[in-house]
Amino acid sequence: MSAATTRSRTPDRLCAEAVDLARAAAEEAAAPGVVGEHAGLVSEGDRVVTHFFECKELGYRGWRWAVTVARASRAKVVTLDEVVLLPGPDALLAPEWVPWSERLRPGDMGPGDLLPTDAEDLRLEPGWTGEDEPTPNSPVSEDLAELVEAEDAEVTPGAPATLPTVPSRGSIAAVAEELGMRRARVLSRYGLHIAADRWEESFGAKTPMAQAAPATCVSCGFLAPIGGSLGQAFGVCANEFSPADGRVVSLSYGCGGHSEAAVMPAPPRPPAPVIDETRVDPFPLRPARDGGSVPEVTDEESAELGHS
């Protein structure tokens with residue numbers, strides 16, 4: 001251990017004795033009557049000491065006024081460095097700050113609230129924003145036009161290069177519009193997966209309601225299909241008496257409100273017992289003497305034991 005480290009752990013005598021100077025500085029910075037008793041000191045380094053005083057101000061339970069004093073090398077006068085209010089070991093502190101994006105929970109939004117989406121949100125990806133260019137096998141593409149001219153073929157009323165713009169129906173823009181891809185951003189594969197997991201957890205095959213259901217939603221007439229890739233596994237319940245009315249449900253979900261619950265075949269019942277009346281099984285009124293595990297005893301032996 002170096003000498004400098006040893007000196008820094010030992011409070012300077014003059015700085016440690018400057019309690020009145022530290023108290024006066026704390027009372028000047030604080031409101032009247034809120035500086036309490038001296039609560040100790042700590043050495044901050046060579047000739048640097050911090051004095052602690054209890055804080056009696058309401059709302060700052062466990063906090064302490066920290067007054068740091070110091071003196072120059074070979075100087076006899078102690079000077080003031082700073083005065084701050086710091087939390088002690090038992091101080092009442094506010095919880096750690098969490099960004100709003102991490103504090104937000106489903107159902108927190110109300111009327112008029114706006115929820116900005118991060119530009120790098122993993123749940124979203126850019127939609128189709130390119131120009132409406134013809135595909136390579138389109139009659140109006142440059143490649144096919146050169147091929148037609150080379151083979152002296154006629155597949156259109158005029159030369160392919162002189163045809164008007166791509167027809168609106170069947171174009172890339174039309175297909176993107178039909179698929180809902182012409183928005184600025186669409187769901188990414190990650191966004192689709194977490195949505196499917198969330199819906200499956202709420203209204204999926206593993207819920208108690210689905211376990212007790214007579215059949216799944218895939219055969220229910222109240223199921224409204226949805227489009228897109230999620231439509232292969234989910235739909236919207238349209239039964240007002242179902243607990244999932246208006247909710248996205250898994251096709252493997254089910255409830256007692258199934259449209260065919262009343263006409264579904266009843267579960268098989270065990271057959272009635274068969275009674276054979278042509279055969280008689282004799283049953284003795286008394287058990288056979290040699291058929292038990294208890295040896296037969298005489299009347300004298302039973303009388304000795306007090307049996308009747």
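Visitor: Is Arg71 buried or exposed?
Guide: Arg71 is buried, because its relative accessible area is 18%, where buried means under 20%, exposed over 50% and partly exposed in between, with a 1.4 Å probe and protein chains only. This is a predicted model, in which local features need pLDDT of at least 70 and side-chain atom pairs count only at pLDDT 80 or more, while totals for chains, interfaces and linings use all residues. Residues are numbered from 1 along each chain as its sequence is written, and side-chain values use heavy atoms, with hydrogens and water left out.

Visitor: And what does the side chain of Arg71 meet in a salt bridge?
Guide: The side chain of Arg71 meets that of Asp12, at 2.9 Å from N to O; a salt bridge here is a side-chain nitrogen of Lys or Arg within 4 Å of a carboxyl oxygen of Asp or Glu. The pair links distant parts of the chain, 59 residues apart, with Asp12 in the loop between α1 (3–9) and α2 (13–16) and Arg71 in the loop between β3 (63–70) and β4 (79–87). Helices (H or I, at least four residues) and strands (E, at least two) are DSSP runs, numbered from the N terminus.

Visitor: How about Asp12, buried or exposed?
Guide: Asp12 is buried, because its relative accessible area is 12%.

Visitor: How many salt bridges are there by this rule?
Guide: The count comes to two, and one of them joins Glu17 to Arg13, with the closest N and O atoms 3.5 Å apart. Glu17 counts as exposed because its relative accessibility is 51%, and Arg13 is exposed too, with a relative accessible area of 55%.

Visitor: Switching to pockets, what volume does the largest pocket have?
Guide: Its volume is about 770 Å³, that is, the space filled by probe spheres set on grid points joined across faces, edges and corners. A pocket is an open set of points on a 1 Å grid over the protein atoms alone, where a 1.4 Å probe fits, with protein on both sides within 12 Å along at least five of seven lines, and lining residues have an atom within 4 Å of a point.

Visitor: Which residues are closest to the centre of the largest pocket?
Guide: Of the 22 residues in the lining, the closest to the centre are Leu104, Leu115, Asp121, Arg123 and Arg198. Helix α7 gives the most to the lining, with five residues.

Visitor: Where is Leu104 placed?
Guide: Leu104 is in the loop between α4 and β5 (124–126), and Leu104 counts as partly exposed because its relative accessibility is 32%. The C-alpha atoms of Leu104 and Leu115 are separated by 9.7 Å.
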